[in-house]
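Subject: Structure for your review

Dear colleague,

Please find below the structure that I am handing over to you. My notes on its packing follow.

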Amino acid sequence: MSFKFRPLTTAAAAVCIAVALAGCGNKQSAQQMKAPATQVEVAQMQLASATLRAELPGRTSAYRVAEVRPQVTGIIEKRQFEEGAEVKAGDSLYQIDASLYKAQVLSAQAEATLALRQADARRSAQLVKANAVSKQSDDSAQAQLKVAVAEVAAAKAALETASINLRYTKVTSPISGQVSLSEVTPGALVTANQASRLTVVQQLDPIYVDVTQSYDVMDKIRSNIAAGRLKASDEGAEVTLMLDNGVAYPHKGRLTFKDALVDQTTGTVRIRAVFPNPDRRLMPGQYVRAVINEGVQHNIIKLDQRATMRHTNGKPYVFV
């Protein structure tokens, strides 16, 4: 008898196990379908005022640049500066051989004896009144006086020219700033007002930052201010600077210039700001990004950027 009922018992046990497993599976599926609630942060929006800013790309340029050239002809005797050093206006940079110009000064100092001619002219004028000398003799004395006066004037002009040329043998820095590499070495022949420069001096403190902005954007801002939708910021002239590595420059700048021309190729307008540069951290030609205040807009709603999401087409949206 036991042999006949064993298959039935095995089948029943299999059915019970299947039912039990099904029950467990349904319970686990229900738990999985019931996902935990998403935690959200809710903030109440209020009307406020905000300063609108624009971040514009630009490059730095020296505040002043002076290309040093000789004003007299001669041989460079020595260079009197360290390349890359700071120099002051009037510091000597080069010494040109001055022997020729010293000789010219000494030659120009040999003036005519004006005092002797003046004395002869006065004496002749008195004698001609007393008929002691002829009128022709007096005319000759007065003419010699005029020649002496002209000779003295010419000598003074030659002396002044020679003295100026002698001073120019010492080539000085026209401005204060950082001197660049020397383009010549001692022993080189230079000529007056030559095309090639000897060196360059650049004033780097303060320093200019030139940026460009679309004319259409500038015109829109101007229209919004005129319509009252945007108010000119009290700090509109203040500019902050971001370096190429993303670090903020520690000093604030100010706007000094907006070009009156629109670039025909790009449709942009050049804007110039000036920044203090005491540590020479900014160098000419450096790429930077300037943040400029465009104005203040009132009665707007500020949102945390984390609350903003975007559709597949890129348009932003938020949950309300």
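A nonpolar core is here a set of buried Ala, Val, Leu, Ile, Met, Phe, Trp, Tyr and Cys residues joined through side-chain atoms within 4.5 Å. Buried means under 20% relative accessible area, exposed over 50%, and partly exposed in between, with a 1.4 Å probe and protein chains only. This is a predicted model, in which local features need pLDDT of at least 70 and side-chain atom pairs count only at pLDDT 80 or more, whereas totals for chains, interfaces and linings use all residues. Residues are numbered from 1 along each chain as its sequence is written, and side-chain values use heavy atoms, with hydrogens and water left out.

The largest nonpolar core contains 18 residues, and Val 211, Leu 241 and Phe 275 have the most contacts inside it. Two or more residues come from each of β1 (47-68), β8 (199-214), β9, β11 and β12 (287-301); strands are DSSP runs of E with at least two residues, numbered from the N terminus. The greatest contribution to this core, four residues, is that of β11. A second, separate core has 17 residues, among them Leu 93, Tyr 94, Val 171 and Val 201. In general, nonpolar side chains tend to be buried together in soluble globular proteins.

Contact means heavy atoms within 4.5 Å. Beyond its neighbours within four places in sequence, Leu 241 is in contact with residues including Val 209, Tyr 249, Phe 275 and Leu 282.

Aromatic pairs are Phe, Tyr and Trp rings (for Trp, the six-membered ring) with centres within 6.5 Å; planes under 30 degrees apart count as stacked, over 60 as edge-to-face and the rest as tilted. There are four such pairs. One of them, Tyr 249 with Phe 275, is edge-to-face, at 6.2 Å centre to centre and 75° between the planes. Because Tyr 249 lies in the loop between β9 (238-243) and β10 (253-258) and Phe 275 in strand β11 (residues 268-275), the pair ties together parts 26 residues apart in sequence. Tyr 249 is buried at 7% relative accessibility, and Phe 275 is buried at 0%.

Pro 276, in the loop between β11 and β12, is partly exposed, with a relative accessible area of 31%. Not counting residues up to four places away in sequence, Pro 276 touches Asp 205, Pro 206, Tyr 249, His 251 and Lys 252. Its C-alpha atom is separated by 6.4 Å from that of Ile 207, 69 residues apart along the chain.

Yours sincerely
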